[in-house]
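Notes below, in the order I went through them.

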Amino acid sequence: MQDHPKLPVDTARTPHARWRTLALDAVTLSGGFWAERQTVNAERSLMHGHRMLEDAGNLHNLRLAAGQAQGEYKGPVFMDSDVYKWLEAVGYQHALGLSPEVRARADEAIELVRAAQADDGYLDSYYQVVAPDRRWTEIPHGHELYCAGHLIQAAVAFQRCAGDGRLLEVVRRLVDHIRTVFGPDKRPGTPGHPEVEMALVELSRLTGDARYLDLARFFVDQRGYGLLGPSPIGGRAYYQDRVPVRETTELEGHAVRALYLASGVADVYLETGDQSLLDSLGRQWQDLVQHKISVTGGAGARHDGEAFGRPYELPNEAVYNETCAAIASIMWNWRMLLATGEARFADLIEETLYNGFLSGVSLDGERFYYINPLLSRGENSGAGRRSRDRQPWYRVACCPPNVMRTLASLGHYFATASRAGLQIHQYGAGSIRAELSAGRSVGVVVDTEYPWDGHIVLTVTETDGSPWELRLRRPGWCQAPSLRVAGEQVDVHGRGADYLSVGRVWRVGDRVELTLPMPPRLVEANPRLESTRGCAAIERGPMVYCLEQCDAPTAAVLGVQIDTAAPLESSWKPDLLGGVHVIHARGLTVPSESWSDGSLYRPLESVEPVAPEPVSLTAVPYYAWANREPGPMRVWIPRA
Ligand SMILES: [Zn+2]
């Protein structure tokens, strides 16, 4: 069996990728912030996930399809996809070290998937068990192609990272079957829930079989012509079928669908160089960052239809920001970075990873958020229909296994290589090795306390006698980076606006020290964003902060203002929330005593104003909220 690189997206032979992606055993994260999250994912989340797949009935459904169990199908139509995402996570985990228990569970699950596949290659437990006569007839909402996409990604992960081709065999038969249904000389059609597009492109990268890429392109090209019909939830825009992909100017409809589609379209561009696709994605990206993204990187503001709202429709309490949408945004931005080499995409990946993505999983790795609001009253009403508390699982459980696969493959997103050298996109303690060209291997170790401290030391561990270039992303949030190379201060001007590049003949032991000062700072939003007008949010480095009630014994956090003239101070709390920098600010309480009659409105200035009381505010990183006692939380704080 050919030895494949262990990674989710392989651009080694991708004609329109600027950079080559690196494998999970070439970029290792160790002893730092993300290594800890990966350890929890491996030691807690994966086994927990398997228990939940058993309890919720996902595995039971596949057993029904395989004729190995009796009973009723359980849960929504897309239950299989959660098994596949979990398997994809386990696939990646092979590259990092997998426990025998999880390995055994995955082995059983793979055998079950094999047994469930129909003789003609079809595989979808819902339609096999519940509605065999409705196969491929409910394309808008049936999720058959969505489930197929997740199975393909799991199969690719297992082939590449575990050298296990059993799922790949299943997938080849399944896609052969799909090709008898859809295609230029078969039925028109495009998935109601995009996902299969990027999976098919990756399958073609793995196998070298261009028919998979052709099918992905077919699905992309078929979209926007009304084949799906109007959705009762949000018309044709709901599943991005209102406008052809190349004419799309904005992100609309169901956010996870839109962002998975954008990822697949980016993959088709990377393989074909079809500029009209990249132009369309560029317009959608501008729409996202100028109008439709929370300060945490959260995307998809509306509960109704889990959809993007209008420009500036970004409420605090009622915002949706599904964890899967944050993950889909990371996947899309990664492909945009590979296509363009522009750091703005890596910046957005960073913002999303540390905030809107990581808030989706508890510190113990066994409880999850589906929705990630920016304000919570700490009550079950209002903050979201899926409850204020992190849940061990959900009836629609797309997010938890999505978090698992992202964490297990995280190193992939940190660095790339080219013939010219290494590009470092994200900072974390660990090591990076890459082959620049045949026989030219280079490597660095990265020592840093990032994201808590902006001092990053890279030491060359492997090089040859020819020059190569180290490119270091200059984060958009950092005003004044500084750089020392082999002990000498280097002027950062003229070394690139978004990546600082240093090219030279390196020697083993050479050190590059990048310092990204990260004083706490206040940010404000465009005043067109009505929900945050007159407010400020606290940030430090890549982290967004929030106020939680349990840090404010003397004041209600929903009734405080922040004194923006007072300095912000940060301090390291090793015993709090697994170790975090907290930020202290000065605030004022908003007096409510004169409202003790219970009235909701009154004439302005009908009573003497009561002087506000000073109060000290302590902010914690947003990702870590709701890991202590439940209570109110806010990101945006009214300015005094
Ligand atoms: Zn989800």
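**A glycine in a loop**

I started with G75, which counts as partly exposed because its relative accessibility is 37%. I am working from a predicted model here. G75 sits in the loop between α2 (58-66) and α3 (79-96). I also checked G75 against K573: the two are 498 residues apart in sequence and 43 Å apart in space, C-alpha to C-alpha.

**The zinc ion**

Next I asked which protein residues are donors of the zinc ion. I found E322 (OE), C324 (SG), C398 (SG) and C399 (SG), at 2.1 to 2.3 Å from the zinc ion. Along the chain the donors follow the spacing E-x1-C-x73-C-C. E322 belongs to the loop between α11 (275-291) and α12 (323-340), and C398 to the loop between β3 (375-376) and α14 (399-408), so this pair ties together parts that are 76 residues apart in sequence.

Then the geometry. The angles subtended by the four donor atoms around the zinc ion run from 94 to 121 degrees, so I wrote the arrangement down as tetrahedral. For my own reference, the ideal angle for four tetrahedral donors is 109.5 degrees.

Buried or exposed, I wondered, for E322 and C398? Both E322 and C398 are buried. C324 also went down as buried, because its relative accessibility is 1%.

**Cysteines**

I looked for disulfides, taking the cut-off as cysteine sulfur atoms within 2.5 Å. The count came to zero. I looked at C550 as a case: the closest cysteine sulfur is in C546, 9.0 Å from the sulfur of C550, so that is too far for a bond. C550 counts as partly exposed because its relative accessibility is 28%.

**The sheet and its helices**

Last, I traced an open sheet of five strands with mixed pairing, in the order β1-β4-β5-β9-β12. Its edge strands are β1 (20-21) and β12 (499-504), each pairing on one side only. α12 packs on this sheet and touches β1, β4 and β12, with its direction at about 30 degrees to that of β4.

I zoomed in on β4 (residues 415-417) and β5 (residues 421-424), which pair in the antiparallel sense over three bridges. There I found T416 of the pair standing opposite Q423 in β5.

Which strands does helix α13 lie across? α13 (residues 343-357) lies across β9 (468-473) and β12, and it runs at about 50 degrees to β9.

Key. Residues numbered from 1 in each chain as written. Predicted model: local features only at pLDDT ≥ 70, side-chain atom pairs only at ≥ 80, totals over all residues. Heavy atoms only, no water. Donors = N, O, S within 2.8 Å, 3.2 Å for Na, K, Ca; no water. Tetrahedral: all angles 85-135°; square planar, octahedral: opposite > 155°, others 65-115°. Helix = DSSP H or I, 4+ residues; strand = E, 2+ residues; numbered from the N terminus. Buried < 20%, exposed > 50% of the residue type's maximum accessible area, 1.4 Å probe, protein only. Pairing = 2+ DSSP bridges. Contact = heavy atoms within 4.5 Å. Axes fitted to C-alpha atoms, helices over the stretch in contact; angles between N-to-C directions.
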